[in-house]
Protein chains: 2
Amino acid sequence: MSLYEEIQKIGQRAVVAARELALISSRKKNQILEAMADEIEAQRDAILEANRRDMEASRSAGLSAALLDRLELNDSRIAAMAKALRTVVGLKDPIGTRISRWIRPNGLVIHKVRVPIGVIAIIYEARPNVTADAAGLCIKTANAVILRGGKEARQSSIAIAEALQTGGARCGLPDGAIQYVAYPERDAVREIVQMEGLVDLVIPRGGEGLIRTVVEQARVPVIKHYKGVCHLYVDESADLDMALNIAENAKCQRPGVCNAIEKTLVHAKVAPVFLPRLVERLAARGVDLRGDEAARAIAPTIRPAEEADWTAEYLDLILAVKVVADIREAVRHINHYGSHHSDAIVARSEAAQRIFANEVDSAAVYINASTRFTDGGEFGMGAEIGISTDKLHARGPMGLEELTTYKYVVWGNGQLRV
Amino acid sequence: MSLYEEIQKIGQRAVVAARELALISSRKKNQILEAMADEIEAQRDAILEANRRDMEASRSAGLSAALLDRLELNDSRIAAMAKALRTVVGLKDPIGTRISRWIRPNGLVIHKVRVPIGVIAIIYEARPNVTADAAGLCIKTANAVILRGGKEARQSSIAIAEALQTGGARCGLPDGAIQYVAYPERDAVREIVQMEGLVDLVIPRGGEGLIRTVVEQARVPVIKHYKGVCHLYVDESADLDMALNIAENAKCQRPGVCNAIEKTLVHAKVAPVFLPRLVERLAARGVDLRGDEAARAIAPTIRPAEEADWTAEYLDLILAVKVVADIREAVRHINHYGSHHSDAIVARSEAAQRIFANEVDSAAVYINASTRFTDGGEFGMGAEIGISTDKLHARGPMGLEELTTYKYVVWGNGQLRV
């Protein structure tokens with residue numbers, strides 16, 4: 001069989017499994033998830049052994065320390081995988097809930113009902129735990145899942161997927177509901193994302209390169225986020241102590257994530273007071289500051305920013321700062337240079353708050369709070385499969401509801417169209 | 001400028017217009033829509049003259065009578081366009097409504113708010129009225145729209161778009177909010193649907209060929225429906241008179257549309273009674289019946305069906321019939337051969353109704369009613385921009401709400417992530 005045919009077979013098996021999964025009760029799905037968690041723990045040694053092989057190959061290939069860290073599994077990371085699956089057990093199952101119901105003048109009763117999407121493909125990179133996390137959320141929402149991780153994590157991902165399948169099967173997980181695409185060929189991704197009619201949704205998780213490749217090749221819907229270029233705007237009406245605290249939290253609490261700020265825009269009226277304090281506070285945390293001329297005129301230790309700094313996602317202790325004439329300039333800058341992910345204003349003025357909330361075109365807009373809250377857990381969704389900077393279907397953190405669709409069930413007693 | 005650059009400019013103008021549109025009040029948007037309707041009427045002669053040129057060219061090119069009918073405008077069709085725009089005025093504006101609101105333990109107040117999608121491209125064929133219908137729904141929902149109709153309707157569409165722009169501009173429609181892509185090059189469609197970052201959504205409206213081309217070329221999200229292969233299943237528990245009425249209505253009331261049935265599946269227990277009555281009823285309406293062997297054994301006037309009949313969208317007075325052993329076979333057949341659009345059961349048995357409602361994986365599932373109700377107007381949405389057989393974002397009839405997205409506005413008083 002060709003690679004194309006092999007992958008088509010995987011897609012067809014997933015479609016059959018998805019139809020079975022859609023009819024399984026919440027209680028049974030939870031039993032399956034528990035058994036998956038148990039088996040991850042039971043297979044710990046085999047998973048760690050597979051991971052050791054991945055680590056060795058990656059070290060020989062000269063992978064960076066950061067990548068090796070993402071790849072590495074240990075007892076506590078395996079325990080965390082099992083725990084994450086058990087957390088999903090505790091979440092409310094959205095499947096089957098009635099979103100709305102109305103009656104038409106001709107007596108038709110229309111129910112809009114939440115149902116699974118069907119078959120979801122997850123394309124990811126070096127973190128093997130995505131295998132378990134993504135599978136858990138998909139099974140909870142009765143979606144069959146096709147998993148394809150990075151080649152560095154191949155052995156680890158296969159071992160984890162096998163544990164999930166074995167554990168799940170014990171409690172009635174349909175054959176084909178969780179499939180890992182182990183073919184080493186690079187083209188496997190292309191074949192997966194072009195399976196129109198079999199795969200309903202692709203979620204790529206990883207760096208910008210991976211995501212661009214998936215978007216360019218895909219013929220099925222993709223939900224993604226390229227990057228997080230998040231802003232803090234400090235208004236003239238800001239509580240400057242609050243602004244300093246939020247800047248420090250949003251930049252330093254975990255600089256390597258997509259909801260950390262990369263830029264701070266400061267209203268010209270408060271810049272002479274605020275910028276020196278910001279420099280002092282962030283320098284103490286080791287942050288490298290880059291700024292426009294107006295910012296550097298106030299705080300000369302700030303290094304000059306280049307045009308590329310305004311669109312850069314540093315994912316590091318670096319912050320670009322800019323002085324703006326007013327909130328209009330701040331909003332324009334954010335909409336033009338930002339990534340439509342998460343942006344915050346610190347302001348006492350209700351007018352400024354309202355302008356910012358209405359006009360900043362981002363998935364999450366914060367008034368007097370840190371951007372770091374854009375997260376399924378922090379939003380109260382319990383878990384997330386990713387964050388979308390797209391506008392279709394899901395925007396912002398994607399929890400269980402975002403892994404569902406709906407259908408209309410229309411009840412009649414013989415109605416005909418006239 | 002190259003075609004690529006020209007189309008990019010259109011995309012950039014649309015993005016700017018979309019940001020302005022998003023801030024316009026419902027009242028003002030309605031004034032704009034009224035002015036658009038007025039100007040369509042005022043420009044009637046110019047539009048009809050443009051349409052005459054399109055009709056002449058299309059007649060010379062030997063277009064079919066059906067295509068010429070879709071292309072042709074007259075006084076009453078122009079009046080209908082203006083009326084459709086005024087109907088949209090009367091609909092509730094979904095923009096700015098709060099979808100939900102909750103408070104987190106740390107005091108953050110999260111608002112999920114309905115906002116415009118941004119820039120929507122509509123790719124269509126020979127019906128010039130789509131120009132006005134699509135523009136009206138997009139402006140109501142504060143989306144900028146890029147329109148690209150078929151070359152047969154080029155002059156008519158340009159004339160209609162000009163009237164919409166002129167009328168709208170009088171009441172403050174932002175420049176660039178309605179743009180018609182008049183470049184004759186075929187590649188214009190490719191350039192439009194690849195404008196990632198500028199175009200947020202593409203809605204193709206037309207035949208399967210157009211839609212496949214758009215899906216293959218697109219790098220931005222597409223919502224579509226390829227075709228409607230709709231089924232009626234007559235259960236053993238059916239009220240056979242009701243089943244006959246629904247079969248006749250769903251097949252004959254308007255056979256050329258996507259929600260007309262193309263297939264009827266009949267439970268083996270009632271087939272000997274039902275099929276002869278069905279043949280009699282539909283033959284009187286000029287329907288050509290094709291069936292499997294079991295159906296032909298009961299009603300020999302039915303012509304033999306081929307495998308291709310089970311997936312065919314006839315859009316004509318043709319119906320394929322099949323005898324099934326039970327409801328399970330009916331559901332399997334529909335999920336396998338159907339288009340996931342609209343499917344109906346006629347049954348008295350509540351168990352059968354429930355199985356059908358739960359297991360048929362279609363946008364709209366009908367219990368004891370005609371499939372012909374899958375329509376924005378019939379669902380009470382007031383208007384529709386199309387019907388989606390996709391599962392992401394919108395499924396089934398797409399009304400105004402389906403032309404919106406949401407964002408999260410998060411209100412705090414200095415919250416930091418710990």
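Is the crossing of H3(B) and H7(B) left-handed or right-handed? I'll get to that in point 1; keep in mind that this is a predicted model.

1. The crossing of H3(B) and H7(B) turns out to be right-handed. Helix H3 covers residues 44–60 of chain B and helix H7 covers residues 154–170 of chain B, and the pair packs at an angle of about 165 degrees with axes 7 Å apart. Angles over 145 count as roughly antiparallel, so that is what H3(B) and H7(B) are to each other.

2. Who makes that contact? On the H3(B) side you'll find B:Ala46, B:Ile47, B:Ala50, B:Asn51, B:Arg53 and B:Asp54. H7(B) brings B:Arg154, B:Gln155, B:Ser156, B:Ile158, B:Ala159, B:Ile160 and B:Ala163. Sorted by class, the contact of H3(B) with H7(B) has seven nonpolar, three polar and three charged residues.

3. Now the interface between the chains: 55 residues of chain B are in contact with 55 residues of chain A. On the chain B side, the elements giving two or more residues are helices H9 (208–217), H10 (240–252) and H14 (350–359), plus strands S13 (364–369) and S16 (404–415). S16(B) supplies the largest share, 11 residues.

4. Strand S13 of chain A (residues 364–369) runs parallel to S16(B), joined by five bridges. One to look up in the viewer is A:Tyr366, whose bridge partner in S16(B) is B:Val410.

5. Last, the domains of chain A. Domain 1 takes in 3–224 + 396–411, while domain 2 spans 230–373. Their C-alpha centres lie 36 Å apart.

Terms used:
Residues are numbered from 1 along each chain as its sequence is written. Chains are lettered from A and ligands numbered from 1 in the order in which they are written. This is a predicted model: local features need pLDDT of at least 70, side-chain atom pairs count only at pLDDT 80 or more; totals for chains, interfaces and linings use all residues. Domain bounds come from an automatic or database domain assignment. Two residues are in contact if their C-beta atoms, placed from the backbone, lie within 7 Å. Helices (H or I, at least four residues) and strands (E, at least two) are DSSP runs, numbered from the N terminus. Two strands pair if DSSP finds at least two bridges between them. Axes are lines fitted to C-alpha atoms, for helices over the stretch in contact, and angles run from 0 to 180 degrees between N-to-C directions. Angles under 35 degrees count as roughly parallel, over 145 as roughly antiparallel, 65 to 115 as roughly perpendicular and the rest as oblique. A crossing is left-handed if the near helix is turned anticlockwise from the far one by less than a right angle, and right-handed if clockwise. Ala, Val, Leu, Ile, Met, Phe, Trp, Tyr, Cys and Pro count as nonpolar, Asp, Glu, Lys and Arg as charged, and the others, Gly among them, as polar.
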